[in-house]
Amino acid sequence: MNVTRGFTGRPRVDDPGLPPGQYDAGDDWPVLSAEVTPELAPADWTFRVDGLVEEPRTWNWEQAHELPASAYEGDIHCVTSWSKFGVRFGGVSLDAFLNMVRPHVAATHAVAYSHTGYTTNLPLADLTGGRAWIAWEYDGQPLAPEHGGPARLLVPHLYFWKSAKWIAGIRLLDHDEPGFWEQNGYHARGNPWEEQRYSGD
Amino acid sequence: MTETFTPPTRFAVPGRIAVSDQAATVWQTATITEIRRETPHAATFRLAVPDWQGHLPGQHLMLRLTAGDGYAAQRHYSLASAPDDSGHIELTLDHVEGGEVSGWFHTVARPGDRLEVRGPLSGFFAWPGDRPALLIGAGSGVVPLMSMVRHHRARGLSVPLRLLVSVRSPEELIYGREYGAETTPVFTRSAPHGVPVGRMAAAHVAPLLADQPPGGWEAYVCGSNAFAEHASRLLVSAGQPVDRIRIERFG
Ligand SMILES: Cc1cc2nc3c(=O)[nH]c(=O)nc-3n(C[C@H](O)[C@H](O)[C@H](O)COP(=O)(O)OP(=O)(O)OC[C@H]3O[C@@H](n4cnc5c(N)ncnc54)[C@H](O)[C@@H]3O)c2cc1C
């Protein structure tokens, strides 16, 4: 350990909800995206699931909203070290979409991609079992464009760069393929509890 | 099946510069060798990092301060210095009110103090000096852009480079004395005599886009999220293609 002279840090409460190296951003919700926020109307939004599936399919806004509603209430963690507690998102569980396309047994990973072309990779197991959503509401309101509205992927148990904003689709693969940040040095999985920030962590 | 997936849409900011994963994972000890005041709220910290592998202008690093009880705080900071082989790098930090890390730098740090860094990180905001660059920053958002300007000068590059910097007042303009003909400051609260006061607007961006070098500009926008949103919209309305706009948001 390399102690920095005179650094004590902010007075801290030992918060079991805070992964190592994170701080509570409170009411702040910082925005970190590398691209221009797209102007994407709900009427122009589509979401596709294909790759290693029985029946590739594309949903539009209305069709996606016909699926059973599902909410997430809990915490989110960004790799730039802020966490946000007790957030509420509304949308549809990703399971609902996956059940309709029926993934092949060979499918092990996925690449999620945005209407901007941003990509991020995930093990399929992180997207199933009620752990991932397509979210279009935040705190009961439509999701703001700079936070990924009209709809984003939400995978709250991983660092938030995995929760692709302006989600356009998910392709199922039989191998892991690094996405945008992962090609730029970020970790392939990004588990905040293990501080998987950069490749090699 | 080993298909390589390419999304149907082009990503606005292809990461075209390969970065070393190796450097990103190793924590190195850095020693403060010099502190220079830039403005009442910002100072530059020169660090000796003997094993620094070098960086490209626009890249940032991760910095870590550790308390006696093992608590550690990590933050991202852009590299202010141009790449060189002196074994030193420079960071410029704003003093954020109540800030844990910037607070230590501005009230405790002195030459000889040691901390840890890892990097350089991220290739998408990097500018190797190859394409004409239109740089737009506000506040401490000028830090990575200044690394580009310094690189341009140090290498005597002839590729066109322009910098638009938005700041409240002349006193708060970081690196104020270093700018040359490439830079247009925009003052939002108070300006030197005869210079207009006001927000960055289409009128600042339009002439630069009207006067494009062959092949067009690669735009780099850096600052707070609110500023990044504003500036990137100005660029898009002025006709800059979205896939030639790179944005670094400080949060
Ligand atoms: C890629 C990147 C590059 C960057 N480059 C630079 C740069 O070159 N220069 C620069 O100055 N900055 C830069 N930043 C911003 C920098 O990373 C830090 O966010 C900034 O220095 C503030 O950190 P801090 O520890 O001082 O403040 P923090 O402690 O993180 O506080 C930030 C704000 O939140 C409030 N706050 C947060 N937690 C608490 C709490 N528990 N209790 C009370 N208040 C709280 C503080 O009052 C303050 O207003 C960059 C950011 C990114 C993402």
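In the predicted model, a salt bridge joins the side chains of A:Asp50 and A:Arg171, with an N to O distance of 3.0 Å. A:Asp50 belongs to strand 2 of chain A and A:Arg171 to strand 11 (residues 167–173) of chain A, so the pair ties together parts that are 121 residues apart in sequence. A:Asp50 has a relative accessibility of 6% and therefore counts as buried, the cut-off being under 20%. Over all chains, the number of salt bridges comes to 23.

The structure holds 23 aromatic pairs over all chains. One of these is formed by A:Phe47 and A:Phe97, whose rings are edge-to-face, 4.9 Å centre to centre and with 80° between the planes. This pair, too, links distant parts of the chain: A:Phe47 lies in strand 2 (residues 46–51) of chain A, and A:Phe97 lies in helix 2 (residues 94–101) of chain A, 50 residues away. Both A:Phe47 and A:Phe97 are buried.

Aromatic residues of chain A and chain B also come together in one cluster. Chain A supplies A:Tyr118, A:Tyr159, A:Trp161, A:Phe180, A:Trp181, A:Tyr186 and A:Tyr198, while B:Phe124, B:Phe125 and B:Tyr220 come from chain B. The ring of B:Trp27 has the charged end of B:Arg64 over it, 4.1 Å from the ring centre. In a second case, the charged end of B:Arg150 sits over the ring of B:Tyr175, at 4.7 Å from its centre.

The contact between the chains was examined next. It takes 59 residues from chain B and 49 residues from chain A. The size of an interface is often given as the accessible area lost when the parts come together. Between chain B and chain A the buried area is about 4,400 Å², and carbon and sulfur atoms give 55% of it. Two salt bridges are counted between chain B and chain A. A salt bridge between the chains is formed by the side chains of A:Arg5 and B:Asp113, at 2.6 Å from N to O. Polar contacts between chain B and chain A amount to 15 residue pairs, both residues being at pLDDT 80 or more. On the side of chain B that touches chain A, two or more residues come from each of helix 1 (21–25), strand 3 (60–66), strand 4 (72–78), helix 2 (100–107), strand 6 (114–121), helix 5 (225–237) and strand 11 (245–249) of chain B. Strand 6 of chain B gives the most to this side, with five residues.

Helix 2 of chain B, one of these elements, has seven of its eight residues buried, so this helix is largely enclosed by the rest of the structure. The buried residues are B:Glu100, B:Val101, B:Ser102, B:Gly103, B:Trp104, B:Phe105 and B:His106. They pack against strand 1 (28–39), strand 2 (42–48), strand 3, strand 4, strand 5 (88–94) and strand 6 of chain B.

The salt bridge between B:Arg233 and B:Glu229 has its closest N and O atoms 2.9 Å apart. Both residues lie in helix 5 of chain B, four residues apart, about one turn of the helix. An α-helix has 3.6 residues a turn, so residues three or four places apart point the same way. B:Arg233 counts as partly exposed because its relative accessibility is 45%, whereas B:Glu229, at 5%, counts as buried. B:Glu229 also forms a salt bridge with B:Arg249, the closest N and O atoms being 2.7 Å apart. This second pair links distant parts of the chain, with B:Arg249 in strand 11 of chain B and B:Glu229 in helix 5 of chain B, 20 residues apart. B:Arg249 is buried, as is B:Glu229. Elsewhere in chain B, a network of salt bridges links B:Glu34, B:Arg36, B:Arg46 and B:Glu90.

The surroundings of B:Gly137 were also described. This residue is found in strand 7 (residues 133–138) of chain B. B:Gly137 is buried, with a relative accessible area of 0%. Leaving aside residues up to four places away in sequence, B:Gly137 touches B:Val142, B:Leu145, B:Leu164, B:Val165, B:Ser166, B:Cys222 and B:Phe227. B:Pro185 is 48 residues from B:Gly137 in sequence, and the C-alpha to C-alpha distance between the two is 9.7 Å.

How values were computed
Residues numbered from 1 in each chain as written. Chains lettered and ligands numbered in written order. Predicted model: local features only at pLDDT ≥ 70, side-chain atom pairs only at ≥ 80, totals over all residues. Heavy atoms only, no water. Phe/Tyr/Trp six-rings, centres within 6.5 Å; stacked < 30°, edge-to-face > 60°. Buried < 20%, exposed > 50% of the residue type's maximum accessible area, 1.4 Å probe, protein only. Lys NZ or Arg CZ within 6 Å of the ring centre and 35° of its normal. Contact = heavy atoms within 4.5 Å. Buried area = accessible area lost by both parts, 1.4 Å probe. Salt bridge = Lys/Arg side-chain N within 4 Å of Asp/Glu carboxyl O. Polar contact = N/O pair within 3.5 Å; in protein donor to acceptor, adjacent residues only side chain to side chain.
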